[in-house]
Each structure stands twice: as structure tokens, then as C-alpha cells.
Amino acid sequence: MWIPPRAGALVHRLTVQRNNPTRSNGLYTDSWEDFYDAWAQISTSGGREFYAARQATTDLTHEITVRWYPGITAGMRIRYEDPTESTTRYFTIRAILRPTERTDWIVLHAAEIQGGQARTK
């Protein structure tokens, strides 16, 4: 049985973003716009290292628990400004689970975008 987090466990402030591709000179570029701000609980659920195109690549997966909000879909992105490391981290939502089958909580299975970290301070 899934136990929802207590309010005190939601210590990560994040923003769910949706992609709004823009066209310029016949080419489409990703343009991410803020969709939903939320308090969340982020936990690492696994990781692996593999080789792709002769380069070592890591794949870190996370479970991010937030209160349910309509319209969140796989393929959206999460921006998390990590105050402890003064960085901005990005995650791609791969799957969405509703553990209680109600509209109270959702668990986002997400992969951290490597190379998407940018120093902000």
C-alpha cells in the first residue's frame, strides 16, 4: 500500500514545464514555458552507466511526488533550482503514476537530463 508523503516532506520547490516549439527560418526549436509550480519530494530511484556513440553516459532516474494537477503528461520537463548546490537541474518526465487512483497525488518517474545543469549563482 502506498503511503502519501507528509506535508513536511515536500521540501523541493520545482516547476513543471511544457514544450512549445517555435519556428524560426524554417527550423523548429524547443521553447519551454512554465506550466505548474509545486512543492515536491524528490528521491533517486536508480541509475546506470552505459556507452553510446563511444562515450560513457549515465542515466539517473528519480521519483518525484507532487499533488495531482490536470494536464501533466509524459514528455514534459521539470526545472528544479537546487539551493544547496546553486545549480538548476532538469528532468524529463517518462511516466506518471497515480498510486491511489484518485486525484490527490501523482508520482512522476523522471530522468535527469545530463548536461542540462547550468550554474545559476
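**Entry 1**

I began with Ile-96, which stands opposite Leu-108 in β8. The model is a predicted one: local features need pLDDT of at least 70, side-chain atom pairs count only at pLDDT 80 or more, and totals for chains, interfaces and linings use all residues. I number residues from 1 along each chain as its sequence is written, and side-chain values use heavy atoms, with hydrogens and water left out.

I then looked up how β7 and β8 are joined: they run antiparallel and share six bridges. Pairing here requires that DSSP finds at least two bridges between two strands. Strands (E, at least two residues) and helices (H or I, at least four) are DSSP runs numbered from the N terminus. On the β6 side, β7 also pairs in the antiparallel sense, over six bridges. Within β7, Phe-91 is the residue that Ile-78 stands opposite.

**Entry 2. Two positive phi values**

I noted that β6 and β7 form a hairpin with four residues between them. Ser-86, in the turn, has a positive phi of about 55°, and this residue is not a glycine. Is Ser-86 partly exposed or buried? I found it partly exposed, at a relative accessible area of 24%; the cut-offs are under 20% for buried, over 50% for exposed and partly exposed in between, with a 1.4 Å probe and protein chains only.

Glu-101 also has a positive phi, near 60°, in a residue other than glycine. I located Glu-101 in the loop between β7 and β8. Its relative accessible area of 59% makes Glu-101 exposed.

**Entry 3. Salt bridges**

I searched the whole structure for salt bridges (a side-chain nitrogen of Lys or Arg within 4 Å of a carboxyl oxygen of Asp or Glu). The search finds seven.

One of them is between Arg-89 and Glu-112, at 3.0 Å from N to O. Arg-89 lies in strand β7 and Glu-112 in strand β8, so the pair ties together parts that are 23 residues apart in sequence. I recorded both Arg-89 and Glu-112 as buried, with Glu-112 at 7% relative accessibility.

Another joins Arg-79 to Glu-81, with the closest N and O atoms 3.5 Å apart. Arg-79 is buried at 18%, whereas Glu-81 is partly exposed at 47%. I traced a network of salt bridges that links Asp-34, Arg-79 and Glu-81.

I also listed Asp-104 and Arg-102, whose side chains meet in a salt bridge at 3.0 Å, N to O. Arg-102 counts as exposed, at 53% relative accessibility.

**Entry 4. The nonpolar core**

Which residues have the most contacts inside the largest nonpolar core? I list Leu-14, Val-16, Ile-64, Ile-72, Ile-78 and Leu-108, in a core of 17 residues. Such a core is a set of buried Ala, Val, Leu, Ile, Met, Phe, Trp, Tyr and Cys residues joined through side-chain atoms within 4.5 Å. The elements that give two or more residues to this core are β1 (12-19), β4 (32-52), β5 (55-67), β6 (77-82), β7 (87-97) and β8 (105-112). β4 gives the most, with four residues. In soluble globular proteins, nonpolar side chains tend to be buried together.
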